Amino acid sequence: MSLSRASLWRLLTGRLGWSLQRSERRAVERDESEIARWVTHEWPRIKGAVNTRAWIVFLDESGVSLLPQVRRAYAPRGRTPLLRHRLNWKRASMAAALGYHATDPDRGPRLCFHLKPGSYDTAALIDVLEQVKVFFRGEPVILVWDGLSAHWSRVMRAWVAEQGWLTLERLPAYAPELNPVELLWSSLKKRELANLAGDHLADVADATEQGIHRINHHQHLPWSYLAHTGLTIHPPHPPNLRKDQ
């Protein structure tokens, strides 16, 4: 039995309810059972161990360069848009700390952003955490981040041991979907950085900061990033967030 492409399309979409979807990437090293265990046991422990003045803060790093983030764009039929850009491999790194108050949703979310040339090492990340301390005014912070070596180096752990305001928690390996900051990066790269062909890293930095201001201005966005992870912080529906948002 053979089917035409049109018949196959009708079979898939009409009878079977399939749709054309973009595949998601997943690392083969992922341990699904460990990720499920973290969500079921470790996340409730993290929420239950904090006091009423604590912030649960997710932190992540990403990079930008002069190579544009290519996205689809409208153009006359048959005229493919061209992005003329410099083949320059200079890079900048950015870090974002997205904080949700453990018990008082009216106090959050709060977004702290950092941008620097080059890449982050342990020393640079300690500088970021010093800024996080100032940003959250020394209140207790439960910092949740991944297993990057600079996050758990001997120097980092020794420094954290001297910080009475800070506790570190590790996300399960190869599970970026549990970090709401990943959704923040995606938002920037789909909006402000999409098809941006800047002449200098400063152009990319300016666009990135504009995106951060946009997200800070619309507080329902950080809540939506958290909701997308499937993680909840009590109460699950902040009173200042309308359901239609």
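Buried means under 20% relative accessible area. The model discussed here is predicted.

Q: Is serine 62 buried or exposed?
A: The cut-off for buried is under 20% relative accessible area. Serine 62 has a relative accessible area of 16%. That value is under the cut-off, so serine 62 counts as buried.

Q: In which strand is the place of serine 62?
A: The protein chain has 7 helices and 5 strands. One of the strands covers residues 55-65. Serine 62 falls in that range, in strand β1.

Q: Which residues does serine 62 touch, not counting residues up to four places away in sequence?
A: Contact here means heavy atoms within 4.5 Å. Neighbours up to four places away in sequence are left out. The residues that remain are Ala92, Ser93, Met94, Trp185 and Lys189.

Q: How many Å apart in space are serine 62 and methionine 94, C-alpha to C-alpha?
A: In sequence, 32 residues separate serine 62 and methionine 94. Serine 62 also touches Met94. From C-alpha to C-alpha, the distance is 5.4 Å.

Q: What polar contact joins the side chains of serine 62 and lysine 189?
A: Lys189 is among the residues that serine 62 touches. A polar contact needs a pair of N or O atoms within 3.5 Å. The side chains of serine 62 and lysine 189 are joined by one of 3.2 Å.

Technical notes. Residues numbered from 1 in each chain as written. Predicted model: local features only at pLDDT ≥ 70, side-chain atom pairs only at ≥ 80, totals over all residues. Heavy atoms only, no water. Helix = DSSP H or I, 4+ residues; strand = E, 2+ residues; numbered from the N terminus. Buried < 20%, exposed > 50% of the residue type's maximum accessible area, 1.4 Å probe, protein only. Polar contact = N/O pair within 3.5 Å; in protein donor to acceptor, adjacent residues only side chain to side chain.
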